[in-house]
Amino acid sequence: MICDVSVRTGIPVDHILGCSRVHDIAIVRQLYWKLLRIKKGYTVKLIGRLCERNHSTIVNGIKHIDGLLEINDEYAARMWNKLKDIEP
C-alpha cells in the first residue's frame, strides 16, 4: 500500500515514513495512516508500530486529516481523491 501511495502522490516512501513536517509530506503521511485504519482495519497501536510512531501521534494525525477533509482543504482533498480507491 505504501508504494501505491508514493506513486500516486509523487512523494517518496522514505519521506512518507520519515519525520518531515513539510506540509505536503505530512498530509500524505496522515492520509496513509487513515488508509491503513479504514482499508486494512489496523489499530492505531499497530499503525504506530509500523510507522515508528506513538499511537497518540496516529490518533492526532488522523483527527487532523479528517478535519482538513471536512473543511475541504484543497491539497488534502486532492490527495485523498488520488488515494481513496487504493485497495488493501
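The following passage describes the fold, the surface and selected residues of a predicted single-chain model. Residues are numbered from 1 along each chain as its sequence is written, and side-chain values use heavy atoms, with hydrogens and water left out. Because the model is predicted, local features require pLDDT of at least 70 and side-chain atom pairs count only at pLDDT 80 or more, whereas totals for chains, interfaces and linings use all residues.

The chain contains six helices and zero strands, where helices (H or I, at least four residues) and strands (E, at least two) are DSSP runs numbered from the N terminus. The order of elements from the N terminus is accordingly α-α-α-α-α-α. The radius of gyration is 12 Å, close to the 12 Å given by the globule rule for 88 residues, so the chain is as compact as a globular protein of that length. The radius is taken over C-alpha atoms, and the globule rule is 2.2 Å times the number of residues to the power 0.38. The C-alpha trace spans about 30 × 25 × 25 Å along its principal axes.

Of the 88 residues, 42% count as buried; buried denotes under 20% relative accessible area, exposed over 50%, and partly exposed in between (1.4 Å probe, protein chains only). Contacts, defined by heavy atoms within 4.5 Å, were also examined by sequence separation. Among those between residues at least 6 apart in sequence, 59% join residues at least 24 apart. The accessible surface of the chain comes to about 5200 Å², and 51% of this area belongs to carbon and sulfur atoms. Accessible areas come from the Shrake-Rupley method with a 1.4 Å probe, and for residues only the protein chains shown count as cover. The chain carries 14 positive and 10 negative side chains, with the centres of the two sets 6 Å apart. In this count Lys and Arg are positive and Asp and Glu negative, while His and the chain ends are not counted; each charge is placed at NZ of Lys, CZ of Arg, CG of Asp or CD of Glu.

Helix α1 spans residues 2-9, and its buried residues are Ile-2, Val-5, Ser-6 and Thr-9. Seen down the axis of α1, these buried residues fall within an arc of 100°, so they line one face of the helix. The arc is that of the directions from the helix axis to the C-beta atoms. In general, an α-helix has 3.6 residues a turn, so residues three or four places apart point the same way. The face of α1 turned away from the buried side carries the exposed residues Cys-3 and Val-7. Cover for the buried residues of α1 includes α2 (13-17), α3 (23-39) and α6 (74-83). Gly-10, which follows α1, has a positive phi near 80°.

Lys-34 is found in α3 and counts as buried at 13% relative accessibility. Not counting residues up to four places away in sequence, Lys-34 touches Ile-62, Ile-65, Asp-66, Leu-69 and Trp-80. Val-59, located in helix α5, is partly exposed with a relative accessible area of 29%. Val-59 and Lys-34 are 25 residues apart in sequence and 9.4 Å apart in space, C-alpha to C-alpha. His-23 also lies in α3 and is partly exposed at 44% relative accessibility. The C-alpha atoms of His-23 and Ala-76, 53 residues apart along the chain, are separated by 9.9 Å.

In helix α4 (residues 44-50), Leu-50 is partly exposed at 49% relative accessibility. Leu-50 and Leu-17 are 33 residues apart in sequence, with a C-alpha to C-alpha distance of 9.3 Å.

Ser-20, in the loop between α2 and α3, is partly exposed with a relative accessible area of 25%. Ser-20 touches Ile-25, Ala-26 and Arg-29, not counting residues up to four places away in sequence. The C-alpha atoms of Ser-20 and Ile-86, 66 residues apart along the chain, are separated by 24 Å. Glu-52, in the loop between α4 and α5 (55-70), has a phi near 55°, a positive value in a residue other than glycine, and is exposed at 74% relative accessibility. Asn-72 is placed in the loop between α5 and α6; its phi is near 60°, likewise a positive value in a residue other than glycine, and Asn-72 is exposed with a relative accessible area of 58%.
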